[in-house]
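Here is a short report on one protein chain.

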Amino acid sequence: MAEIHLARLGDLSGLQTLVVVKRVLPHLARDPAFVALFLEEARVAASLDHPNVVRTIEVGRATDEYFMALELVQGESLATIVKELARTGRTFD
């Protein structure tokens with residue numbers, strides 16, 4: 001549905017922030033219904049303000065490509081953590 005890229009935000013060397021850019025796949029960007037769903041997801045994500053939720057930095061469109069720029073959270077993915085818990089027979093507290 002989308003591609004995820006690591007990107008730098010900012011023009012000045014040394015004053016750049018790493019962000020995640022979620023970009024709608026080109027063939028889906030031509031589907032108005034999918035674009036509407038993506039923009040609704042972006043609207044909801046941008047309305048959330050909580051320390052445990054990734055911050056939405058920007059939502060936009062470049063030519064015919066829609067994207068969201070999101071705060072980068074360093075660490076293991078949830079999938080990696082769940083696999084490790086399953087492997088060791090543990091569960092989340």
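Start with Lys22, which sits in strand E2. Keep in mind that this is a predicted model. Is Lys22 buried or exposed? Its relative accessible area is 18%. Buried means under 20%, so Lys22 counts as buried.

What does the side chain of Lys22 touch? It makes a polar contact with the side chain of Glu41, at 2.7 Å.

Four strands form an open sheet in the order E1-E2-E4-E3. The pairing is antiparallel. Strand E1 (2-9) and strand E3 (56-62) are the edge strands, and each pairs on one side only. From one strand to the next, the twist averages 25 degrees.

Look at strand E4 (residues 65-71). It pairs with strand E2 (residues 17-24) in the antiparallel sense, over five bridges. E4 also pairs with E3 in the antiparallel sense, here over six bridges. How covered is E4? Mostly: five of its seven residues are buried. The table lists residues that stand opposite each other across these pairings.

| Residue | Opposite residue in E4 |
|---|---|
| Val19 | Glu71 |
| Val21 | Ala69 |
| Val59 | Met68 |
| Arg61 | Tyr66 |

Helix H2 (residues 32-47) lies across E2, E3 and E4. It runs at about 20 degrees to E4.

**The turn between E3 and E4**

E3 and E4 form a hairpin, with two residues between them. Thr63 is found in this loop. What is the phi of Thr63? It is near 50 degrees, a positive value in a residue other than glycine. Most residues other than glycine have a negative phi. Thr63 counts as exposed, because its relative accessibility is 68% and the cut-off for exposed is over 50%. Compare Lys22, which is buried at 18%.

**The whole chain**

Step back once more. The protein has three helices and four strands. Read along the sequence, they follow the pattern β-β-α-α-β-β-α.

How far does the C-alpha trace span along its principal axes? It spans about 50 × 40 × 25 Å. The radius of gyration is 16 Å, whereas a compact globule of 93 residues would have one near 12 Å.

Buried residues make up 24% of the 93 residues. The accessible surface comes to about 7300 Å². Carbon and sulfur atoms account for 57% of that surface.

To sum up, go back to the first residue. Lys22 lies in strand E2, and its side chain makes a polar contact with that of Glu41. E2 pairs with E4, and helix H2 lies across both of these strands and E3.

How values were computed. Residues numbered from 1 in each chain as written. Predicted model: local features only at pLDDT ≥ 70, side-chain atom pairs only at ≥ 80, totals over all residues. Heavy atoms only, no water. Pairing = 2+ DSSP bridges. Axes fitted to C-alpha atoms, helices over the stretch in contact; angles between N-to-C directions. Contact = heavy atoms within 4.5 Å. Rg over C-alpha atoms; globule rule 2.2 N^0.38 Å. Buried < 20%, exposed > 50% of the residue type's maximum accessible area, 1.4 Å probe, protein only. Areas by Shrake-Rupley, 256 points an atom, 1.4 Å probe, with all protein chains shown as cover. Polar contact = N/O pair within 3.5 Å; in protein donor to acceptor, adjacent residues only side chain to side chain.
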